[in-house]
Amino acid sequence: MLAGILGLAWMLDMSLSSKAEFIDLQDKLSSAPCKLALFLVLSALTYHTAAGVRHLIMDLGFGETKEGGRLGAKIMLAVSAIIIVLMGVWVW
Amino acid sequence: MVTAVTSFGRSGLSDWLIQRFTAIVMTAYTIFIVAFLLSTPELTYEIWSALFSQLWVRVFTLLVILSIIAHGWIGLWGVLTDYVTTRMMGAKAVTLRVSVLFVYIVVALGFIVWGVEILWGL
């Protein structure tokens, strides 16, 4: 994921340096391998963020019991699965 | 108890707090960028560079870069001290942990310099 973020920074660098680079990035991102790589990085980040938000919620005192934790985990998994699918559609 | 020499903050509690603070900053930024992308279907270079020419967006992005580094360090430190232990692999665990963190710091410093260059287009 750390490497993925460096990849995203590379995209930001390209997209901001000039119009030509911006369009070049758009072309690159229309190729299947780039889309797959972007999708995998964004999926990892989505899952990590969803789990992290769940931890923040637990830090606030919700869902800290065994049952609450289990339920929270299921909700988090469902939410990250939905976001990943939507993001997948958006990337493809 | 693991000697907290290589941890990020002054104490476990400050690490705990920094990790939460940076998590909120990064999540807010993610929502901001995703909302922006979803609300501008036909994204052009002009729109995108205009967004990043605003000072507050540049400062926010730089804050996120610093947050990524701090969050990453704390997370990596937690993973290393849990799994790369002398109990598991003897004395070389410390050498391995310290060298991994050293590589992380070097990459992190490079990332900050690069980030500033991206945003302020030096």
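Predicted model: local features only at pLDDT ≥ 70, side-chain atom pairs only at ≥ 80, totals over all residues.
Biologist: How many residues of chain A are in contact with chain B?
Modeller: Contact here means heavy atoms within 4.5 Å. On the side of chain B, 23 residues take part. On the side of chain A, the number is 20.

Biologist: What area is buried between chain B and chain A?
Modeller: Carbon and sulfur atoms give 76% of the area buried between the two chains. The total for chain B and chain A is about 1800 Å².

Biologist: Which three residues supply 33% of the area that chain B buries against chain A?
Modeller: The share of 33% is more than any other three residues of chain B supply. The three are Y45(B), W114(B) and I118(B).

Biologist: Which residues of chain A does F111(B) touch, leaving out residues up to four places away in sequence?
Modeller: Within chain B, F111(B) touches I65(B), I68(B) and I69(B). In chain A, the residues touched are I5(A), L6(A) and A9(A).

Biologist: Is F36(B) buried or exposed?
Modeller: F36(B) is in helix 1 of chain B and touches L43(B), I47(B), W48(B) and L51(B), not counting residues up to four places away in sequence. The relative accessible area of F36(B) is 17%. Buried means under 20%, so F36(B) counts as buried.

Biologist: How far apart in space are F36(B) and L51(B), C-alpha to C-alpha?
Modeller: In sequence, F36(B) and L51(B) are 15 residues apart. They also touch each other. From C-alpha to C-alpha, the distance is 9.4 Å.

Biologist: Why does the salt bridge of K19(A) and E46(B) join two chains?
Modeller: The closest N and O atoms of this pair are 3.4 Å apart. At 39%, K19(A) counts as partly exposed, and so does E46(B) at 42%. K19(A) lies in helix 2 (residues 19-29) of chain A and E46(B) in helix 2 of chain B, so the pair joins two chains.

Biologist: Which helix holds both D24(A) and K28(A)?
Modeller: The side chains of D24(A) and K28(A) meet in a salt bridge, 3.0 Å from N to O. The two residues are 4 apart, about one turn of the helix. Both lie in helix 2 of chain A.

Biologist: Is R20(B) buried or exposed?
Modeller: R20(B) forms a salt bridge with D59(A), at 2.6 Å from N to O. R20(B) lies in helix 1 of chain B and D59(A) in helix 3 (residues 32-59) of chain A, so this pair joins two chains. D59(A) is partly exposed at 33%. R20(B), at 18% relative accessibility, counts as buried.

How values were computed. Residues numbered from 1 in each chain as written. Chains lettered and ligands numbered in written order. Heavy atoms only, no water. Buried area = accessible area lost by both parts, 1.4 Å probe. Salt bridge = Lys/Arg side-chain N within 4 Å of Asp/Glu carboxyl O. Buried < 20%, exposed > 50% of the residue type's maximum accessible area, 1.4 Å probe, protein only.
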